[in-house]
Every structure is written in structure tokens, then in C-alpha cells.
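Biologist: I have a model with a ligand in it. Can you show me how to read the contacts and the burial?

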Amino acid sequence: MIYTVTFNPSVDYVVRLKEFEMGALNRSSDTAKYTGGKGINVSRILNELGVETTALGFVGGFTGDFIESTLSKSGIKNDFLRVEGDTRINVKLKTDEETEINGAGPIITDDDLAKLEDQLKSLNESDHVVFAGSVPSNHKDVYEFLSSLLHERNIGFSIDTEGQKLVSTLKYHPYLIKPNDVELEEIVGCKLSTQEERINACRELLAQGASNVLLTLGSGGALFVNTDTVYHMPSPPGTLKNSVGAGDSTVAGFIGKKGSGLEAQLRYAVASGSATAFNDDLAKRADIERLVGKIELQSIEEVK
Ligand SMILES: Nc1ncnc2c1ncn2[C@@H]1O[C@H](COP(=O)(O)OP(=O)(O)OP(=O)(O)O)[C@@H](O)[C@H]1O
Ligand SMILES: O=P(O)(O)OC[C@@]1(O)O[C@H](CO)[C@@H](O)[C@@H]1O
């Protein structure tokens with residue numbers, strides 16, 4: 001079973017406006033509410049791909065009720081822990097560009113965290129855990145702690161987060177990490193302007209313990225680096241509608257096809273990410289399958 005852990009889920013409130021004026025009353029006739037949060041998005045795409053998944057994490061209030069009921073209606077198993085306070089609402093403003101306003105989310109107490117630890121301790125070596133998204137300000141080091149707990153029990157995990165929260169888990173050998181270009185530049189502390197620089201930066205993370213690095217590049221597709229090989233996958237043709245969740249979809253496509261061979265994993269990763277970008281919400285299975293055959297794998301000569 002693939003478990004996703006979302007410390008900070010969200011109700012994503014998508015507002016589409018032709019024009020937006022700060023300081024004025026702007027009316028929108030095109031709004032939508034979706035369950036959100038990086039781990040939850042991974043579970044949603046895994047479910048689309050027919051891969052067994054359970055969403056874990058913390059929810060609270062009426063917004064938490066919305067998330068639990070919506071996922072359950074979609075047939076997505078979830079076992080969230082209830083916390084004080086409301087799950088946050090994240091605003092996704094779509095004008096001629098995409099602007100996001102993400103809330104902080106409710107506090108996770110030590111007792112809340114202990115309950116999640118107990119859930120993870122009940123897993124076994126056949127399970128895989130995906131950590132994804134932001135964590136509460138009072139638990140900045142929680143990913144390092146939980147990945148050590150899984151490592152001690154020989155339970156595989158993958159992680160999609162940023163900065164030191166990601167770097168601190170590398171010594172426990174995450175199966176997959178998926179930074180985007182901005183996140184990778186933040187980690188290595190410099191601008192990455194060429195493909196060689198990006199590949200060498202990914203190799204720094206492999207050297208610190210990551211097993212596979214998938215660097216996503218928005219409309220530029222993705223770069224895959226591990227100790228055996230380097231591939232670039234351009235994104236397939238299509239019209240951008242909503243890139244929110246595209247990275248999470250990429251993670252789901254790669255992990256969901258674990259065991260089907262690296263090429264299938266990479267095709268489904270990029271097809272899932274782009275299919276989501278071409279969709280108002282997360283991609284449906286048919287959208288993904290339509291793109292899989294269009295994903296080109298460009299093997300990059302060994303970078304000296
Ligand atoms: N404009 C686009 N056109 C085509 N494909 C896209 C576009 N934006 C994203 N994608 C696809 O989605 C994948 C992930 O996108 P991106 O690099 O934006 O991840 P991300 O920043 O982690 O996304 P998010 O955090 O919003 O989920 C890309 O590798 C690509 O396959
Ligand atoms: O605040 P975080 O946890 O970093 O990101 C949360 C979020 O922006 O990520 C998802 C898209 O990846 C959205 O569903 C959600 O609103």
C-alpha cells in the first residue's frame with residue numbers, strides 16, 4: 001500500500017478572473033473548490049491510476065469534513081487524524097497568470113504527532129510512504145524524524161518538500177525526491193542555467209543519499225537523474241489550464257508505476273504532470289493515458 005502523509009491539507013479555492021484590480025471589488029463567476037494538499041493530490045492521482053493508496057495526515061473543522069467526505073466519495077481510502085482548528089483554505093487566483101495564497105493551517109500538537117507516529121509504526125516493509133507539502137511551524141524537523149523512524153523499520157519512503165526539510169531526510173535514502181527548478185536552486189544555493197549544472201546539482205543530492213531525483217521544469221518537462229542514468233523528458237504538447245498539483249501528479253505517476261520499469265515510470269510521471277497542467281483540476285486516468293505515448297525519453301550522454 002502507498003500511504004501519503006499531508007501535514008497541512010487544504011481546500012483549494014480556485015478563482016478565475018479575466019482582470020484583477022487590487023483594492024477594488026472583483027467579482028468572479030468562475031470558482032471551484034477542490035480537496036488539496038500535496039500528499040492528498042498524490043493519492044488522488046494514484047487512485048486514478050488504479051494504485052491502492054491511503055491518505056494520512058491532519059484535518060480539522062468544516063473544511064476537514066469537506067476533505068474527508070470528498071475523498072471517500074471518490075473511493076480514496078483516508079485515515080486522517082482530527083485536530084483543533086480548521087483545515088486551511090488556499091486561494092488559487094487565475095488571471096493571465098497563476099497566483100497562490102496559501103494559509104498556515106492549524107497547529108499540530110505533540111500528542112497529534114504521536115498518533116501519526118503510531119500509524120506509521122503499524123506499517124510494514126511492503127508499504128511505501130510519500131511525504132509531501134509544508135509542515136506546521138512548530139514541527140520544522142518532523143520529516144527528518146519520521147524518515148528515520150521508517151528507515152529503522154526498512155519501510156521505503158519518498159518526499160516532495162523544500163529546503164532543509166528535504167535535505168535532512170537524504171541520509172535515510174528516499175526512493176524519490178522531486179524538486180522543481182526553484183527548489184533545487186534554493187538547496188544548492190546558486191542559479192542553475194544549463195542542463196549540465198542541473199544534472200550536477202541533482203548528483204549532489206544523490207551523493208547525500210537520494211536514490212532517484214526527478215527535477216521538474218514546468219513547461220520544460222522534467223530531468224531524471226540517478227547513479228545509472230540521466231534522461232530529459234520534454235513536456236508533451238497541450239494548453240496550460242491549471243498547473244496546481246502538476247508536481248504531485250508527477251510524483252504519483254513515477255511511484256505508481258514502481259515495478260513496471262524505469263521508462264514506464266518516467267512516461268507516466270511526465271504524462272501525469274502535464275495532463276494535470278492541461279486540466280482545470282487534477283488529471284483523470286484517460287487524460288494521462290492519452291499522453292503516455294507522447295512522452296519522449298532523451299537519454300543524456302554521461303556528463304563528464
Ligand atoms: N505549462 C506546462 N505545460 C506542460 N506541462 C507542464 C506545465 N507545467 C507543468 N507541467 C508538467 O507538470 C510537471 C510538474 O510541473 P512543475 O515543474 O510545475 O512542478 P511543481 O512546481 O512541483 O508543481 P506544483 O508544486 O504546483 O504541484 C512538469 O514536469 C510537466 O511535466
Ligand atoms: O503549502 P504547501 O503544502 O507547500 O502547498 C499546498 C498546495 O499549494 O500544494 C498543492 C499543489 O501542489 C495544492 O493542492 C495546495 O494548495
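Modeller: Start with K38: one of its polar side-chain atoms lies 3.1 Å from an oxygen atom of ligand 1. A polar contact is a pair of N or O atoms within 3.5 Å; within protein, one must be able to donate a hydrogen and the other to accept it, and residues adjacent in sequence count only if both atoms are side-chain atoms. This is a predicted model: local features need pLDDT of at least 70, side-chain atom pairs count only at pLDDT 80 or more, and totals for chains, interfaces and linings use all residues. Side-chain values use heavy atoms, without hydrogens and water.

Biologist: How far is the side chain of K178 from an oxygen atom of ligand 1?

Modeller: An N or O atom of that side chain is 3.0 Å from the ligand oxygen. G273 uses its backbone instead: an N or O atom there lies 3.4 Å from an oxygen atom of ligand 1. Taken alone, ligand 1 exposes 630 Å², and the protein buries 86% of that (Shrake-Rupley method, 1.4 Å probe).

Biologist: Is E117 buried or exposed?

Modeller: Buried means under 20% relative accessible area, exposed over 50%, partly exposed in between (1.4 Å probe, protein chains only). E117 is buried, at 16%. E117 sits in helix 3, residues 110-121 (helices are DSSP runs of H or I, at least four residues, numbered from the N terminus).

Biologist: What is E117 in contact with, leaving aside neighbours within four places in sequence?

Modeller: Contact means heavy atoms within 4.5 Å. E117 touches F145, L146 and L149. L146 and L149 are among the buried residues of helix 4, residues 142-152.

Technical notes:
Residues are numbered from 1 along each chain as its sequence is written. Chains are lettered from A and ligands numbered from 1 in the order in which they are written. Helices (H or I, at least four residues) and strands (E, at least two) are DSSP runs, numbered from the N terminus.
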